[in-house]
Amino acid sequence: MDGDFVIGGVFSLHYKLHSVINDYTSKPEPLRCMGSFIARELRFSRTMIFAIDEINNSTELLPGIKLGYQMYDSCNSVPGAMQAAFHLSNGQDPVFYKDSICSRSSVVLAVVGDSGSTVSISVSHIIGAFNIPLVSHYATCACLSDKQQFPTFFRTIPSDQFQADALAKLVKHFGWTWIGAVRSESDYGNYGMASFLKAAKREGICVEYSVSFYRTDSPIKIQKVADAIRRSTAMVVVAFIDSADIRDLLEELARDPPPPHQWIGSEDWITDPYLRRYGFCAGAIGVGIQQSVIPGLREFLLDLSPPEVVASSVLTEFWEDAFNCTLTKNADPKKWLCNGTEDLALLKSPYTDTSQLRISNMVFKAVYAIAHAIHNAVCHKANFTIMCDKNIQLESKQVLSKLKRVNFSQNGYPVSFDANGDPVAFYELVNWQKSESGVIELVTVGYYDASLPKGQEFHINRNITWMDGGTEVPVSVCSESCPPGSRKVLQKGKPICCYDCIPCPEGEISNTTDSPDCSPCPSESWPNAQRDACFPKPVEFLSYDEVLAIILAAFSVSGACLAIITAAIFFHHRTTPIVRANNSELSFLLLFSLTLCFLCSLTFIGAPSDWSCMLRHTAFGITFVLCISCVLGKTVVVLMAFKATLPGSNVMKWFGPPQQRMTVVFFTFIQIIICTLWLFLSPPFPMKNLSTYKEKIILECALGSAVGFWAVLGYIGLLAVFCFVLAVLARKLPDNFNEAKLITFSMLIFCAVWLTFIPAYVSSPGKFTVAVEIFAILASSFGLILCIFAPKCFIILFQPEKNSKKFVMNKK
């Protein structure tokens with residue numbers, strides 16, 4: 001249609017271009033289209049005509065100016081698009097104006113189209129050289145945002161970069177990490193899938209396979225793509241495919257339907273009503289352009305009179321294809337002649353389907369964007385009246401400049417372009433749902449708004465139907481998630497989503513799902529059984545609450561009571577021969593020291609503290625030296641007593657009671673000096689033992705100085721051995737009641753206990769170290785009191801007749 005200013009249009013009304021092999025001996029045939037007629041593309045082109053008619057009838061936009069249009073069929077091919085671009089760039093016949101000697105070519109000021117990215121790239125390269133802007137309604141390749149290569153390209157549909165991000169976030173949102181990827185072998189598919197895979201990698205999504213094809217490929221290649229889907233383990237298939245391409249793939253899959261897969265679709269095919277007849281894709285979900293309402297468009301589309309149809313070869317082809325009849329007699333014997341009763345209103349076709357206008361609105365906005373740019377270039381406001389000059393010599397360069405700054409709303413939809421010629425990205429989240437009648441319908445379940453803050457772009461407001469009619473979100477992972485308490489170990493030669501779950505090693509935890517590493521607990525904490533949390537280690541020491549401690553304490557108190565009772569018996573019978581014959585003074589001192597020995601074992605029970613750690617070892621060392629010193633004194637007295645009976649011997653005057661007391665004090669004082677040096681230089685102190693057991697804390701007394709500890713034990717052992725040797729020497733001395741025999745047995749038990757104590761003490765773990773030490777103290781103390789005092793108490797209490805000087809002095 002002619003006009004004051006002409007807008008171009010390029011649409012893919014057919015799927016393919018008729019291919020001809022030229023022999024260069026004759027003139028090439030003109031390019032012609034072949035293949036199925038695309039009714040939806042006809043709707044797009046008719047929407048452009050509708051928009052131009054609406055603008056021409058507007059009193060606010062370009063009043064008094066008539067827009068014309070030139071439209072071409074690119075046949076969805078690069079050669080067809082290039083031919084259309086050259087026609088649009090060269091212009092048609094010159095137009096002469098009345099009363100003017102000037103003429104100009106009706107070259108278009110801007111172009112709307114095409115639906116495909118590859119085709120749009122070709123058109124933009126050609127017309128861009130003449131500064132003619134191209135405003136696409138459906139070319140989404142992210143590459144077209146490059147203003148260095150495509151300075152005159154604009155679009156009303158968002159870039160695939162936004163779509164790729166949206167699809168990656170959609171996949172991540174539902175927890176799918178193991179997917180298959182299928183794309184068109186075109187700029188749309190290649191660039192779109194590249195952007196998606198890059199975004200998917202950022203989201204931690206792995207791809208099992210990535211295959212591509214084009215509709216002109218051989219059936220064998222398309223079959224290979226279908227087989228890759230059939231044998232895959234990924235339950236989710238992301239298809240970045242042109243709607244024309246995916247038809248061939250779905251046809252191939254329909255021959256041998258694969259197991260149910262969750263299809264994720266790009267906007268190019270997910271909203272195509274023709275494809276919803278493939279039932280195995282039910283539950284597909286994807287992003288689609290926002291649906292809209294264009295008042296009056298449906299009536300315009302249906303308003304096709306037979307003469308108008310016959311006058312247009314494009315409309316004729318559509319009419320005959322839609323109603324399966326022919327408008328020309330004898331044109332096709334397989335079809336009957338159209339009888340004029342055909343009604344478009346009853347026709348179910350993508351051309352007449354205006355229930356969910358999406359891309360048509362993009363065409364509508366593209367036409368209005370160009371019209372606003374022309375308006376801003378040729379119109380101005382004067383006295384509240386819009387004045388437009390239709391005779392102005394307007395160039396496409398001026399339209400290009402104005403197009404960059406357009407900002408308006410049409411039918412409630414904003415239209416503007418950023419620095420890259422892209423609009424604000426807004427998508428609807430759409431789902432293929434089966435109705436009660438079994439028909440698959442396109443249902444909007446949410447939206448994606450790229451202008452919202454990160455993490456808030458998605459909003460789902462309706463239930464989604466998944467593959468095979470399921471209501472639960474399908475699972476598509478290479479490996480199940482590793483629960484807390486384990487970590488991921490990648491499987492060799494496989495993507496990062498394929499891994500094994502290994503339990504955390506001892507002492508380490510992981511408290512998140514799919515943790516790549518386990519972290520050690522703090523030194524005073526230990527993992528629980530599930531190894532997903534750290535808890536404070538139990539503190540262990542020999543507590544009074546434990547049965548073992550209660551038993552040892554009972555023996556300790558019993559031993560002390562036994563020593564006190566023995567002392568009471570001896571005191572009551574202090575004048576009897578047996579008591580007097582056994583050095584009553586040393587006996588009472590020995591019983592006192594044994595009482596202290598029994599009681600000092602109580603300091604080993606309970607939580608260690610500074611005072612208890614220092615007291616337990618020093619009290620034990622001093623009381624035992626006092627005890628052994630008394631026994632040693634008694635042994636020496638026995639030896640000296642028998643030596644004194646020899647003629648001429650006055651040994652007893654050198655070892656009388658004063659010397660005995662001095663001996664006990666001297667030997668004990670040496671131990672006191674050792675203990676004092678130990679406490680002064682490096683005393684014992686409480687400590688938390690974290691090394692013996694990894695899972696618990698042993699609260700114990702550190703020795704401070706190991707030399708001090710072993711010096712205390714060594715001195716006790718030295719006195720015990722010395723006492724034992726003297727007792728052995730005196731054991732066969734003649735007398736009916738030779739105490740040396742009793743001392744020999746007691747010291748034999750004492751030495752045996754302490755010889756076994758040392759290895760047991762070193763090897764016993766935790767609180768049992770303390771228990772072994774208490775046992776050694778009690779065993780040696782009971783050995784002394786029972787061996788030395790039990791026979792005497794038995795005679796005193798049960799055989800008083802033997803408690804006489806005659807019996808005591810009787811020699812065997």
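Predicted model: local features only at pLDDT ≥ 70, side-chain atom pairs only at ≥ 80, totals over all residues.
Local features need pLDDT of at least 70 and side-chain atom pairs count only at pLDDT 80 or more, while totals for chains, interfaces and linings use all residues. Residues are numbered from 1 along each chain as its sequence is written, and side-chain values use heavy atoms, with hydrogens and water left out.

Helices (H or I, at least four residues) and strands (E, at least two) are DSSP runs, numbered from the N terminus. Five strands form an open sheet in the order β4-β1-β7-β8-β9, with parallel pairing; two strands pair if DSSP finds at least two bridges between them. At the edges are β4 (67-73) and β9 (153-155), each of which pairs on one side only. On average, neighbouring strands of this sheet are turned by 25° against each other, direction ignored. Within the sheet, β1 (residues 5-11) and β7 (residues 110-113) are joined in the parallel sense by four bridges, and Gly8 stands opposite Val111 in β7.

Two helices pack on this sheet. Helix α3 (residues 117-128) touches β7, β8 (134-136) and β9, and its direction makes about 165° with that of β8. Helix α12 touches β1, β4, β7 and β8, and its direction makes about 170° with that of β7. Contact here means heavy atoms within 4.5 Å; axes are lines fitted to C-alpha atoms, for helices over the stretch in contact, and angles run from 0 to 180 degrees between N-to-C directions.

A nonpolar core is a set of buried Ala, Val, Leu, Ile, Met, Phe, Trp, Tyr and Cys residues joined through side-chain atoms within 4.5 Å. Buried means under 20% relative accessible area, exposed over 50%, and partly exposed in between (1.4 Å probe, protein chains only). The largest core has 97 residues, and those with the most contacts inside it include Met48, Leu62, Phe196 and Ile374. Helix α12 (residues 359-378) supplies the largest share of this core, 14 residues. Leaving out residues up to four places away in sequence, Leu62 touches Ala371, Ile374, His375 and Val378, among others. Another core, of 68 residues, lies apart from it and has Ala553, Val579, Cys630 and Ala720 among its members.

Strand β32 (residues 697-702) is mostly covered, with five of its six residues buried. It pairs with β30 (residues 539-540) in the parallel sense over two bridges, where Glu540 stands opposite Ile698. With β31 (residues 685-689), β32 pairs in the antiparallel sense over five bridges, and Met687 has Glu700 as its bridge partner.

The whole structure holds 27 aromatic pairs. Rings of Phe, Tyr and Trp (its six-membered ring) pair if their centres lie within 6.5 Å; planes under 30 degrees apart count as stacked, over 60 as edge-to-face and the rest as tilted. The pair of Tyr427 and Tyr448 is tilted because the ring planes stand at 40°, with the centres 6.4 Å apart. This pair links distant parts of the chain, as Tyr427 in β21 (residues 426-434) and Tyr448 in β22 (residues 440-449) are 21 residues apart. Both tyrosines, Tyr427 and Tyr448, are buried. Elsewhere, ring pairs join Phe50, Phe300, Phe364 and Tyr368 into a cluster.

Finally, Gly175 lies in the loop between α4 (160-173) and β10 (178-184). Gly175 counts as partly exposed because its relative accessibility is 42%. Its C-alpha atom is 7.6 Å from that of Val475, 300 residues away along the chain. Beyond its neighbours within four places in sequence, Gly175 is in contact with Ser476 and Val477.
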